Amino acid sequence: CKYKGKFFYGSTQKEATQKRDEYKRLIESGAKAEALGLSVAAYAARWVKTYKHNLNDAHYDTHVRTLRRFCAYDDYGQRPMRSINTIDIQAFVNELCAGMSQSYINDVRDTIRGLFRCALADRVIQHNPATAVSMPEGASGTHRAITDEERRLIMTAQHSLRPAVMVMMYAGLRRGEVLALDVDRDVDFERKTIAVHEAVRFVRQHRPLVVPPKTAAGIRIVPLLDVLADELRGIHGLVAKSATGQMMTHAAFRSAWNSYLLELG
């Protein structure tokens with residue numbers, strides 16, 4: 001049978017008519033005709049590009065990874081968005097988040113809830129199946145203070161990355177902030193201060209890009225302790241640099257970090 005140019009098929013006339021009537025009910029309830037057959041994969045790809053385009057690469061990629069796993073799970077990606085139920089999402093969450101950290105679970109929660117919340121607003125679905133999904137409890141508070149022995153090893157390790165690690169330990173700078181730190185420009189030995197106003201972000205985990213800190217509070221002046229001042233004296237330019245003296249790529253930092261850990265070990 002046919003309704004407004006769209007054909008409906010079934011093994012019997014009754015089955016075809018039922019499909020047509022179901023379609024009519026969805027249209028009358030406010031669903032978009034062009035969205036009724038939209039697959040999870042198609043909507044997810046459009047959602048992340050449209051609603052998450054302003055995120056930095058790390059956060060954007062976190063959403064992409066979760067969506068890829070969701071689409072691959074039991075071939076959800078090939079199913080229409082409106083066919084996904086709460087039990088489908090719960091099964092995915094239970095398997096993906098088992099034994100994971102609380103921060104990882106929160107990332108999965110934010111992606112899935114965001115996807116279906118926008119799908120509801122876009123009238124792709126008639127109800128939000130993610131609302132009733134129960135997220136498991138993950139491990140949190142796993143960080144600890146370093147021991148005195150670990151501190152001694154950090155301070156005495158003969159490695160090119162040691163000054164950068166010392167800045168992390170005694171000034172509290174993040175990795176990206178350390179990679180952007182220029183001793184000649186940012187360190188004032190007379191006033192005993194370190195100026196933090198830039199950070200390095202890796203574009204698609206490869207090329208370094210200098211950007212402002214994550215928040216306005218990230219632009220700050222931190223104290224330069226004597227032990228750190230002694231470490232930085234005599235260093236010029238970047239406190240952490242590649243073998244050619246340039247700003248480190250992601251691969252260069254990862255290689256140096258693994259080498260540094262090996263030295264500590």
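Which helices and strands each supply at least two residues of the lining of the largest pocket? Let's look at this predicted model and find out.

## The largest pocket

The answer is a trio: α3 (57–72), α8 (175–180) and β5 (199–203) each supply at least two residues of that lining. Strand β5 gives the most, with 4 residues.

The largest pocket has a volume of about 450 Å³. Its lining is made of 17 residues, and those closest to the centre of the pocket are N56, A199, V200, R201 and K214.

## A cavity in the structure

How can empty space be found at all? Rolling a probe the size of a water molecule over the atoms shows where such space is left.

In this model there is 1 cavity of 30 Å³ or more. The largest cavity has a volume of about 40 Å³. Residues that line it include L173, E177, R185, D186 and H197. Helix α8, helix α9 (183–186) and strand β4 (193–196) are the elements giving two or more residues to this lining. The lining of the largest cavity divides into 5 nonpolar, 1 polar and 4 charged residues.

## Helix α5

Now follow helix α5 along residues 102–121. From its first C-alpha to its last, this 20-residue helix reaches 28 Å, close to the 28 Å expected at 1.5 Å a residue. After α5 comes R123, whose phi is positive, near 65 degrees.

An α-helix has 3.6 residues a turn, so residues three or four places apart point the same way. With that in mind, look for the buried residues of α5, among them I105, V108, I112, L115 and A119. The buried residues of this helix pack against α2 (40–51), α3 and α4 (86–96).

What does V167 touch, leaving aside its neighbours within four places in sequence? V167 is in contact with G172, L173, V178, L181, L228, L232 and V239.

Conventions:
Residues numbered from 1 in each chain as written. Predicted model: local features only at pLDDT ≥ 70, side-chain atom pairs only at ≥ 80, totals over all residues. Heavy atoms only, no water. 1 Å grid on protein atoms, 1.4 Å probe; cavity = no way out; pocket = protein on both sides within 12 Å on 5 of 7 lines; lining within 4 Å. Points joined across faces, edges and corners; volume = space filled by probe spheres on them. Nonpolar A, V, L, I, M, F, W, Y, C, P; charged D, E, K, R; others polar. Expected span 1.5 Å × (residues − 1). Buried < 20%, exposed > 50% of the residue type's maximum accessible area, 1.4 Å probe, protein only. Contact = heavy atoms within 4.5 Å.
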